[in-house]
Every structure is written in C-alpha cells, then in structure tokens.
Number of protein chains: 2
Amino acid sequence: MSIQKVTVAGGGTLGSQIAYQTAYTGKTVIVYDINDGALSAAKTRINDLDAAYQQDMHATQADIDETHSRLTYTSDPHSAFGDVDLVIEAIPEVPAIKTNFYELISGIADARTIFASNSSTYLPSQFADKTGRPSQFANLHFANQIWKHNTAEIMGHAGTDAAVITALTTFARDIAMVPIVVRKEQPGYVLNSLLTPFLENAAYLWGEDIADPQTVDKTWMIDGGAPMGPFATIDLVGLRTFLNITKDRQGDNPAFKNTLAKVQQMIDDGKLGLESGKGFYTYPDPAYQQKDFLA
Amino acid sequence: MSIQKVTVAGGGTLGSQIAYQTAYTGKTVIVYDINDGALSAAKTRINDLDAAYQQDMHATQADIDETHSRLTYTSDPHSAFGDVDLVIEAIPEVPAIKTNFYELISGIADARTIFASNSSTYLPSQFADKTGRPSQFANLHFANQIWKHNTAEIMGHAGTDAAVITALTTFARDIAMVPIVVRKEQPGYVLNSLLTPFLENAAYLWGEDIADPQTVDKTWMIDGGAPMGPFATIDLVGLRTFLNITKDRQGDNPAFKNTLAKVQQMIDDGKLGLESGKGFYTYPDPAYQQKDFLA
C-alpha cells in the first residue's frame, strides 16, 4: 500500500497547502475542485505558496519548478479519482456536501484507493458508510501552515483497517509530517482537544475582567517558555472561527455569556484578528513580538 | 509605600527562592521560620541557590556575597515582623497554620506593614479578617524557579486597598518580576487557571488511550512552538502534586477514573517525574529534549 499518487479534493486554504506539500516532497498530485472557477482560485492559492516555501523552507527555484511539474488540476471526477492511491478530502465542512462527495467518488475510485478526510469537525465514523469502503477510510488532519506546523493527525474509526493506518503513517512521514496517531475517535483529535479549551479558558479570564489579554499572554510566555500566548493564538485562528467554536461548546453556559458578548463586539468592530490587521493585537509587528514585551 | 525591607515567612522551596531573589535584587530580607531546625534547612536551600544564579543569571561571586549580606535569619517573631515594609507568607498550605500565623503577626507588625500570601490554593478573602489589616492584605504568587519564570501574580480581595496593589506591583518590578495583576479573586490566578485544565485534558487523552504521552507532547511542541509539552510539564510539576490537584477537581468525574488510576499506578511504581528521575520521561536528558524528538 505504497502511496505515491494522491488527489487532493478541495483547493481551499488547507487543501492547497496539502497539495503543495505533497508535491513538494515528491508525490504526484491531482488537485480536484468542482468547477473551473474553483480550480482557478485553487491554482492561485497554490502559486502563492511559492513565496512561503522560499522564505520558510529555503526552497530553490528548481524545487519550486519540480513541485509544480508534479501538480495537475482537474474538475473531472473520473480523471481525479479513477486511478490514485489516496484521496485527501478537504471540501467544505457541510455534512450533505461531504456525503454527496463520498457517494460520487465511491463509484469511481479504484479498489486500492484509500480515502482520507481532513475534517476538523467530523469523526470518520460519521461518513464511513458513505465511502463504500469503510475499512479504507480514516481522517488525516493537517494544521494551518502545514510546512511549519508539520503534524498529520491520523484517526480511524472502529472499522478502519490497521494496514490503512500504517499506510497513512508512512505517507505522513514521506511528506515530512510528524504522524500523530489518534487511537480512538476523539473530537478535536489531539491538538484541538488541548487547544480549544485552553483558548476558551484564557478568553474567560478576559471576558470576566479577571486579567487583560496581554497580561495573560505574558504569563503563558514567561512561565511556559512559549513564543505566543492564547490571545495571540486567537488572533491567528481568527475571532470569527473562535466565536463559532466557543458558541458551539459554551453557548448555553452562563459563565461564558460575557466572554461571548465581548468576542462578538470585537468582531462587530472589525477586529477579526490577524486577517483584518487587528484583534487582541495590531498587525504587522504585534506587541507580543516586541523585545520589551516580557520586560 | 516604598517596599525595601521584607520578611519572607517559611523557607521551603518557594520561600527560599523568594528570599534569594528579593535579596539578590537589592532588598533587605529577613527569613523567618518556626524553629532553628527549620531555619537551618532554609539556609541550606538558600545557599544551594547560588549555583542556579551563577549558571542561569551569570551572577558573579560579588553578586552572591552581596545577596547573602542582605539576608538574615530568625525564628523570633518580634525580630522578624516588628519593623518591615512587607511580609511574604510562604508557609504550609494548611488553613489552621495560616490562621495562627496571621493572628500571631497581626499583633506584632508595624501599622505600615503589608501582608502578602504566596498561597497557590487559597484566596486572600479567606484570611483577610485574620490579618487584622484586610486592606493591606493580598496574594503575591510566584512560580517555581522564580529567577527564570519571573512572574509575580498579584491578587487582592474586594477590600484590598488599590494603593497596596500598586505598591506590590512596584515591588514586583523592583525584584525583576513581571507583575501579573489579577483584578478579581480567581482560584489558580492566571497561570494555573490555564495550566491546570490544560494538563488535565492532556492526561485524559493518555488515560483513555487516545494518544500516547510523547505523541501529545510532539503535537503541542510542533503546532504551538512550545519548548515542552504537557506531559513534560507534569513531570516537572511532579506526579504526586498533579494527582492531588486532579483528584480535587475531577475525583467525582467518571470520565477521569481511568486517568486518575493510571497516574496513581505510575506513582506506585516510583515514577514521580523529574524528582525521581523518571515519570513520563527519564531524566536527565529526557527524550523531548533530544534533537530528533520532532523529526
């Protein structure tokens, strides 16, 4: 079960990074999206990654040229899914869209093909039956800025074949990821199981006016030696995403009423985090990256 | 309310560090403990800190000599508490012991003297009335290895005078701490409000066999850029302390039954963390500090 030929379905932020990294490390990659417009946007996102790989990974022009030579683009399902070792699904987090997608490709893909979902939200057992090959289905979850945050969380459902987990683990190493094997279905995998409540607890300290964001971040940076604190991380995640996740988890918890209202107010004020240039910090050159921040 | 003369009551691990750091940064410090035996142990702990300051703070022999010249030791309450600007209480976390202590010193201390508790466990409102000067009482909480983890969490109760918070903030800066002002009483201050549930959530992933400790630590180190993960931190805190805290918070929560049993088993096996040379890692040179840990 050697994985060499990969289709990445969905060329959004993560899909384009997964496709780039997979091609950069030597695999043959097909990028699939639903129509020419989506595919053209995916291509732009992928081309835009050249600069990041040059800067962060010291990629040469030759590396970049080779990466692009291994990438092809199609919106034709038969070309995309008919003859590959692995499909990585990175399409919208909408159950009906995912169900339709798996039903579509289950009728096209070769018997050998492993299906993997990059879903942050859904467990593999929720779609296993739709794939037509539940034993060859697992989640394979990447972090944003995959080339730097190079974890690949691998999580099967109860019916995933152990050999498939092994193949995905090998594949993750092949594409320069550190494989993080999650042995049982766990919402949030490892990273978000830790990160989500951590960010929530930090936001609560601010929401209840117990401590201000910079004070909280300083504490975590000094005592934990971390390069950034939780509020800098919320800025990076984006306040809208953070609000959605926190509403989902704490929307009915009266202890979080003030916190959620304050996050909403920031969003209403256009403070979306890094993406809007202001959030708990202003960008570029946020205060927490200044030399005197911990002085 | 300039704080120059300080008594540190209790020469245990934290008390000795607080006394050393305060003297090292130029203040006059009296170390108080209950009898000659305790005092002698405190003196040994304080002398043992010379090496850490030489190594981590590049302290010269002159710096060290000056530090010791500013330190005196007594078990006489009148000498210790009669004429100082600040008393920092770092005595055992036993309510009856703390109550007796505050009742004792309230009758001895000068009217100007501020009382501050280093308690990790108790809120200032719980002892304010025992101090005889509630408006001059707050918590002032230090992290272990105070010279490196240089946060001083300052937390008053509702009746603490704002000028006292200001004086403690200035004092914290004077002794090279970053003041972390906690505006309302909050169990765990800022640091442990974040750290305690973070470590618990990590332990749960292992307790339920969702992921192994090294995998969890790798995830946090790679995706958060942190120098160590939660299991390395539990080793540092000590498994016995971690068990006590987690039992306190989650002892009745069936979701933590397996996790608590597994921590207990490690303790029974002598795996206490850094202090016993083995825990989730073996010491010195734990795996997470090796170059290939994240490879």
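This report walks through a predicted model of two protein chains, from the whole pair down to single residues.

Some ground rules come before the tour. Residues count from 1 along each chain as its sequence is written, and chains are lettered from A, with ligands numbered from 1, in the order in which they are written. Because the model is predicted, local features need pLDDT of at least 70 and side-chain atom pairs count only at pLDDT 80 or more, while totals for chains, interfaces and linings use all residues; side-chain values use heavy atoms, leaving out hydrogens and water.

**The pair**

Let us start with the two copies together.

Chain A is divided into domain 1 (5-182) and domain 2 (192-294), with bounds from an automatic or database domain assignment. Taken over C-alpha atoms, their centres are separated by 30 Å. An unreviewed UniProt entry places "domain: 3-hydroxyacyl-CoA dehydrogenase C-terminal" at residues 188-283 of chain A; such positions follow the numbering used here, names are shortened, and annotations may be inferred rather than shown by experiment. That span is 64% helix and 0% strand (helices are DSSP runs of H or I with at least four residues, strands are runs of E with at least two, and both are numbered from the N terminus).

Chain A also has an open sheet of eight strands, in the order β3-β2-β1-β4-β5-β6-β7-β8, with mixed pairing. Two strands pair if DSSP finds at least two bridges between them. At the edges stand β3 (71-74) and β8 (178-182) of chain A, each with a single partner strand, so one side of each is left without a neighbour in the sheet. Inside the sheet, β1 (residues 5-9) and β2 (residues 28-32) of chain A pair in the parallel sense over five bridges, and T7(A) has I30(A) in β2(A) as its bridge partner.

**Residues to look up in chain B**

Buried means under 20% relative accessible area, exposed means over 50%, and partly exposed lies in between (1.4 Å probe, protein chains only).

| Residue | Relative accessible area | Class |
|---|---|---|
| A202(B) | 0% | buried |
| H68(B) | 23% | partly exposed |
| A176(B) | 39% | partly exposed |
| D285(B) | 58% | exposed |

A202(B) sits in helix α7 (residues 191-207) of chain B. Leaving aside residues up to four places away in sequence, A202(B) touches L194(A), V216(B), P230(B) and F231(B).

H68(B) belongs to helix α3 (residues 61-69) of chain B.

A176(B) is not a glycine, yet has a positive phi of about 65°; A176(B) lies in the loop between α6 (162-174) and β8 (178-182) of chain B. D285(B), also not a glycine, has a positive phi of about 55°. The peptide bond from Y283(B) to P284(B) is cis, with omega near -5°.

How values were computed
Contact = heavy atoms within 4.5 Å.
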